[in-house]
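Take a moment with the sequence and the fold before reading on.

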Amino acid sequence: MTARLPVFPLGTVLFPGLVLPLHIFEERYRALVRHLVGLPEGAPREFGVVAIRAGWEVAPAGPPDRSGAGGEVTLHEVGCTAELRQVTELADGGFDIVTVGRRRFRVAEVDDAAAPYLTADVEWLPEPAGTDEVADLLAARVISVFRQYLNLVRPDPQEISEQLPEDPTVLSHLVAATAALTVDDRQRLLAIDDTAGRLRAELRLLHRETTLLREVRAVPVPLSELAGPPAPN
């Protein structure tokens, strides 16, 4: 099943259930917010967040596309919708908004001419339903390793450690968004369809990160490559 979505390229990866605040200052995305706010009551107010593979969030002129030519953006294929939860209009015409990640999708085709902002035809990706014994077992292991990781990277890890969700899918999204991973690492995690597969990948990443942290006592990725994690919902 496909749908048409407004698309917002960003230098970060959004996961379902995670909060993403944004400051909207570019005119094309001001138009997007105005469009969402003007939708009829009860209509879904959501847009697609897609991480940038190459290029910049703010284009120098004209609408961006996926070609990467002339300094424009090239997008990853898998993104997550952001549901608009709170809008504050600013004196200069911009907006501060709060969104929450909702559902994953794969970009089928981008259109840079149908609206002032990018739109895209997207295919919804499957989400796990029901219980999964393997995912439950993996979740317990991920929680254990993630707590070790938090003890190494945060001065007061207790606050997040106590809030870790028991649901394996929710946990997998929270770990992916919270760990100090590169955009590419997070993008690979977002693209995994099943919870067990995502948790397995996170175990490998967390073991890698904790080993490096113990050896060098530093975050093992350049700060320029870190994706600022959305806050847990």
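## Salt bridges

The whole structure holds 13 salt bridges. The model is a predicted one. Several of the bridges are described below.

One of the salt bridges pairs R34 with E27. Their side chains meet at 2.6 Å, N to O. R34 is partly exposed, because its relative accessible area is 42%. E27 has a relative accessible area of 44%, so E27 is partly exposed too.

## A link between a loop and a strand

D193 and R104 form another salt bridge. Their closest N and O atoms are 3.0 Å apart. D193 sits in the loop between α5 and α6, while R104 belongs to strand β6 (residues 95-111), so the pair ties together parts that lie 89 residues apart in sequence.

R104 is buried, with a relative accessible area of 0%. The cut-off explains the label: buried means under 20% relative accessible area.

## A link between two helices

R208 and D185 also meet through their side chains in a salt bridge, at 3.0 Å from N to O. R208 is in helix α6 and D185 is in helix α5, so this pair ties together parts that are 23 residues apart in sequence. R208 is partly exposed, with a relative accessible area of 34%. D185 is buried, because its relative accessible area is 7%.

Which residues make up the network that includes this pair? D185, R188, R208 and E209 are linked in a network of salt bridges.

Q187 is placed in helix α5. Its relative accessibility is 8%, so Q187 counts as buried. Along the chain, Q187 and A51 are 136 residues apart. Their C-alpha atoms are separated by 7.6 Å.

## Helix α1

R28 lies in helix α1, which spans residues 27-37. R28 counts as buried, because its relative accessibility is 11%. The side chain of R28 is joined to that of E26 by a polar contact of 3.0 Å.

## The chain as a whole

How many helices and strands does the chain have? The secondary structure comes to six helices and eight strands. Read along the sequence, the pattern is β-β-α-β-β-β-β-β-α-α-α-α-α-β.

The chain has 233 residues. Of these, 47% count as buried. R104, in strand β6, is one example of a buried residue. Q187, in helix α5, is another.

Key. Residues numbered from 1 in each chain as written. Predicted model: local features only at pLDDT ≥ 70, side-chain atom pairs only at ≥ 80, totals over all residues. Heavy atoms only, no water. Salt bridge = Lys/Arg side-chain N within 4 Å of Asp/Glu carboxyl O. Buried < 20%, exposed > 50% of the residue type's maximum accessible area, 1.4 Å probe, protein only. Helix = DSSP H or I, 4+ residues; strand = E, 2+ residues; numbered from the N terminus. Polar contact = N/O pair within 3.5 Å; in protein donor to acceptor, adjacent residues only side chain to side chain.
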